[in-house]
Amino acid sequence: LFQQLFYLSDFRDRVLTLNLPINQIEIDSSDNRLLHCLQDMFRTMLISRSQNFDTMELINVLPKNGESICVNEQQDVEEFLNMFTDRMESTLSSTADPNLMSDIFGGKLSHLITCKRCGFTSERIEDSRSISLDIRGHTSLESSLSGFIQEEFLNGDNQYFCSKCNE
């Protein structure tokens, strides 16, 4: 995931240009430490010939409130990305670039419900940073995205009540 984030040049460049405190006491606060560690990792990846980078310091400062990440346990990358972006959003709120995460990863999902009887459509829009795509039965990203936006008919117990026609 960190390699993928590094290769998102807009994200990498904005992280690297964050003007962070240089006072050691301020750096040691967990929020600042996270941003410093991320900057250090990206700088090393840019200039080093090394094939690896030890992410332990970054992993140790990522959780908040005394929590920890078990590095010996396999975890879902989407869950980790959500935790990372949540933590980054709260951390960046006190910087000169508080919208970095929403600018790069932010999007909107629209949920439309159309009544089969009268055609009335209601829409609910929610903020989103990622989508989960089904890969089974799909041979390409386009196919998986088409499956994601596929129309679904609600029947039986999962039907919605239409406020327009009362059906």
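The buried residues of helix α2 (residues 9–16) are Phe11, Arg12, Val15 and Leu16, where buried means under 20% relative accessible area, exposed over 50% and partly exposed in between, with a 1.4 Å probe and protein chains only. Viewed down the axis of α2, these residues fall within an arc of 125 degrees, so they line one face of the helix; the arc is that of the directions from the helix axis to the C-beta atoms. Helices (H or I, at least four residues) and strands (E, at least two) are DSSP runs, numbered from the N terminus.

The model is predicted, with local features requiring pLDDT of at least 70 and side-chain atom pairs counted only at pLDDT 80 or more, while totals for chains, interfaces and linings use all residues. Residues are numbered from 1 along each chain as its sequence is written, and side-chain values use heavy atoms, with hydrogens and water left out. The average pLDDT of the protein is 88, and 93% of the residues score at least 70; pLDDT is the predictor's confidence in each residue, from 0 to 100. Where pLDDT is low, the predicted coordinates should not be read in detail.

The largest nonpolar core contains 26 residues, of which Phe2, Phe11, Leu38, Phe42, Phe84, Met88 and Met101 touch the most other members. Such a core is a set of buried Ala, Val, Leu, Ile, Met, Phe, Trp, Tyr and Cys residues joined through side-chain atoms within 4.5 Å. Two or more residues each are given to this core by α1 (2–6), α2, α4 (30–47), α5 (56–61), α6 (77–92) and α7 (100–105). The largest share, six residues, comes from α4. Leaving aside neighbours within four places in sequence, Leu38 is in contact (heavy atoms within 4.5 Å) with Phe11, Val15, Leu58, Phe84 and Met88.

Strands β1 (residues 107–114) and β2 (residues 121–128) pair in the antiparallel sense over eight bridges; pairing requires that DSSP finds at least two bridges between two strands. Ile113 stands opposite Ser122 in β2. The two strands form a hairpin with six residues between them, and Gly119 in the turn has a positive phi of about 85 degrees.

The structure holds 10 salt bridges, each defined as a side-chain nitrogen of Lys or Arg within 4 Å of a carboxyl oxygen of Asp or Glu. In the bridge between Arg14 and Asp97, the closest N and O atoms are 2.6 Å apart. This pair links distant parts of the chain, since Arg14 is in helix α2 and Asp97 in the loop between α6 and α7, 83 residues apart. Arg14 is partly exposed at 22% relative accessibility, whereas Asp97 is buried, with a relative accessible area of 16%. Arg14, Asp97 and Asp103 are linked in a network of salt bridges.

A salt bridge also joins Arg129 to Glu89, with the closest N and O atoms 3.0 Å apart. Arg129 lies in the loop between β2 and α8 (141–148) and Glu89 in helix α6, so the pair ties together parts that are 40 residues apart in sequence. Arg129 is partly exposed at 27% relative accessibility, and Glu89 is partly exposed with a relative accessible area of 30%. In the salt bridge between Glu126 and Arg124, the closest N and O atoms are 2.7 Å apart. Glu126 is partly exposed, with a relative accessible area of 32%, and Arg124 is partly exposed at 48%.
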